[in-house]
Amino acid sequence: MKNSEKGKTNAKQEDLAKNTSSGKDKTMTTNQGLKVNDTNNSLKSGERGGTLLEDFILREKIFHFDHERIPERIVHARGSGAHGYFELYEDQSELTKAGIFTDTSRKTPVFTRFSTVAGSKGSADTARDVHGFAVKFYTEEGIFDLVGNNMPIFFIQDAMKFPDLIHAVKPEPDREIPQAASAHDTFYDFVSHTPETLHNHIWAMSDRAIPRSLRMMEGFGIHTFRLINAEGKSHFVKFHWKPLLGVKSITWDEAVKIHGADSDFHRRDLWDAIDAGQYPEWELGFQIVPEEDEHKYDFDLLDATKLIPEEMVPVQRIGKMTLNRNPDNFFTETEQVAFHPGHLVPGIDFTNDPLLQGRLFSYTDTQLSRLGSPNFAEIPINRPINPVHNNQRDGHMRMTVNKGNTAYFPNSIGGGCPHLASIANGAFDSYEERIDARKIRDRSESFIDFYSQPALFYRSLKEWEKEHCANAYIFELGKCNYDHIKLRMLWLLSQIDDDLAGRVAKGLGMEIPDSIEQPVNQAIGADADVEKHQSGPKKMYLDESPALSQEHIKTDSIATRQIAFLVADSFSGEQFGTMKEKLEAEGAMVKIIAPHGGTVKCDKGKDHKVDAAIMTTESVLFDAVYIPGGSKSIAALKKVGKISKFINEALKHCKAIAATKEGEELLDATYVKDFKDSEGICINTDPKEFIDAIAMHRVWSRESKTMAIPV
Ligand code: HDE
C-alpha cells in the first residue's frame, strides 16, 4: 500500500493491526511475560462478588496506567516531531572541523521537534506564539542539538529573567487563564516594564507567530555560536533554517476558527505530508562573522535580542534537512526527546551570550524532573549513534549493563579503559578565549538599544503585514484590563514607529502619552529614565531589510496545498478529472467536499469517495476552492447554506477560488459575485491561472475589501 493511500485510510484493519503495541500474531502477556487470557474482567469472588486484591494482572495493568504521564515541558509543552536526515552540499572545513559540516558523503540522521511555547501539552496548534524548532543531529562524533525558534531573536538578554518572562506569559496563576495566549495583563505588565522584549514581541505580533504549516517556517539558532576549524581558528556563526516551501502564514481570523475546527491542525499537517511522501525540506544556512569583525556592528553579537540583517551578512546555504519518517510512538520519541544547547560536537562552540550561558544549565536540569533520571541519554531517541563509554554508573532505570570491576579513572585493573582521546583523535576542546575581566552582576552598555531593530522590522514589512501586526497589538492589548499597562505599551510603540503606535492607539481608542514615568528599566535593575538606557536616537543601519518580510521568501510550489473541490451528485466528471490531474501533478492535495458523506456520483456514473461531508469540515482547513460544473450538482450545492459560508470564508481569507461556467452560478449566490474581476478569482480560465493564484498563497490585494465580509 502506498504511503499516500494509507494516509487517507488509516482506519483500515491492516493498519490497526500493525499499530497495536503487541503487534500482529503476538500473544498478550503481563510485564513478567505471563500469557493472559482475559484483559476485560477482574478476578472476583463470584459473578457479583467483590474484586480480589490477589488479582495481580489487574493490579499491574492499573499500576502502569496510573503512572503513564510524565511532567510536561515547562515551556514548549505542545509539540510534534519527525525523523529525517541532513546532507551537506560542500565541505566547510575552512570554517569548522565538525564532521557534519566537512564530510559531504554523510547522511546524518536527525530528529526534529516543532513546538509552541506558552500552551500546555493539549493546547491548540494555532495559538499566536513563538514556535520552537529543535533539531537533534545524530553525528558520528556524538549528538549535536540545534535548539532554536522560528524567530531570529529572543525576548530577553540574560537567562536570569527567563522565569519572570515565562511566569508572565503563562496563564495567570490565580485562575489559570488564559491558556496558550499572551493576550493578558501579566504578560503586558512585564513587557511594558522590559523594553528589551520589544523586538521578539513585534515578531510575535507579526504573521510569523501564526504559521500556515510547521513545514513553512524558518528556523534560527538565535544566539551567536562559534565555528572552530582544524587550525583552531574561530568564526562567529548564526544558524538559519530556510524552508523550501517558503514562509507562509494564516490570518488571525483563520487561526481563531482553526482552533475550533481542528486543534491538531499543524500536527496533522506534518504527519499527513510525511505519510504522503511529500517530505518537508529546509536548507541550513550560516551567517559568518570573522573574529576580527566582532565589534564592527551597531549591535552586540552577544545580545540575543538582535539579529544580523541578511543584507549585511548574507546567509550561505550549506546543506539540507529532509524529514521523511513519522515517529512510531509519540511518547517514546516526541515526548521523551531531550534537547540541550550544550550537546555539541568538536568544531562548534559557545559564545559568552548570557542567555545561552544560562540555557546550558537549564536543559539538563529540566530533564531530571521530566524524565526522572540522570540516565535520560539512554532512552532510544536520545542515544548517540556512536558508542558511549565512561565511568558513570547506576541511577534510576539504568539500561546499560556495565561489565568489569573498574568504574574509575585512572585505573590499571581495567587496562586503563576507557582511555582518554587526544584532540587530534576527535576529543572536544573548548575554544581558548582570552578572559581578563572584573566579576560583575551587570549588563553591557552595548546591549542597551531597544528600539532600532523592532523599528527596522516594522519598516521592512509589506503593507498587509503591517496591518496584521497592528491588528495583533490591538487584539492583545484590547484583552488587557489595566489602562496604565496599555498606555505604557502605546508609549513604547511610539518609540518604535509612529505609524504603528498611531494605528494601535486608534484601535484601542486611546491617546499616545507624551511621556511615561519610568516606563523602562526595572529590566536592568536601574531606577533611571529612558534616555539613559536608550542612548541616543534609534540607529538606522539600514532603511529596510527585505529578508524580514515573508513576501521575500517566495516559492512557486503548490505542493501539499489542500484544495477543496465542492461537488454534489452528477458533477462534471471531466472538468473534475482535468483539474484534479493538473493540481496533483504539482503536488497539491485534492479533497472532495460534498453535502453528504460516503460517495458522490459524477455525470459519468462513477462513484467518488467523499473526503469530508460539508457539516464535518470548515473552509479554514483548505488553501483554495474549485467548483466543477454539472447543473444538478450546482443546484444541489446552492441549497446547502454551509457551502456558501465555505466559499465566503475562502474569499475573506484571500484564497484562490476557481469555477467553471456552470460553477459561476454557485459563486453568484455568494459574496464572490462582487469580486469576480479580482485577483485570484478564476472563472472559466485555464487551470494554470488557478495554479498561479494558489502559489501566491493568499491574494493580499483583496484583503482590505473582503475583510468585512460577515462570516
Ligand atoms: Fe528553552 N527551554 N530556554 N529556549 N527551549 C526548554 O527544556 C530555557 C530559549 C527552546 O522540543 C526547556 O527540555 C531557559 C531560547 C526550545 O523539546 C527548558 C532559557 C530558545 C525548546 C528551557 C531558554 C529556546 C526549549 C523545557 C533562557 C531559542 C523545546 C523543556 C536562558 C534559541 C525543545 C526542555 C523540545 C525548551 C529553558 C531560552 C528554545 C525549561 C532557561 C533563547 C525549542 O529547559
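Ile222 sits in the loop between strand 5 (219–220) and strand 6 (225–228); here helices (H or I, at least four residues) and strands (E, at least two) are DSSP runs, numbered from the N terminus. This is a predicted model, in which local features need pLDDT of at least 70, side-chain atom pairs count only at pLDDT 80 or more, and totals for chains, interfaces and linings use all residues. Residues are numbered from 1 along each chain as its sequence is written, and side-chain values use heavy atoms, with hydrogens and water left out.

Let's start with the backbone. Most residues other than glycine have a negative phi, and most peptide bonds are trans. Ile222, although not a glycine, has a positive phi of about 65°, and Ile222 is buried at a relative accessible area of 7% (buried means under 20%, exposed over 50%, partly exposed in between, with a 1.4 Å probe and protein chains only). Thr560 is not a glycine either, yet has a positive phi of about 70°. Thr560 belongs to the loop between helix 15 (530–533) and strand 11 (562–566), and is buried with a relative accessible area of 2%.

| Residues joined | Omega |
|---|---|
| Phe409 and Pro410 | about 0° |
| Cys417 and Pro418 | about -10° |

Pro410 is found in the loop between helix 10 and helix 11 (452–460), and Pro418 lies in the loop between helix 10 and helix 11.

Helix 10 (residues 354–371) also holds Tyr363. The OH of Tyr363 is the only protein donor of the ligand's iron atom, at 1.9 Å. Donors are N, O and S atoms within 2.8 Å of the metal (3.2 Å for Na, K and Ca); water is not among the atoms, so sites may look incomplete.
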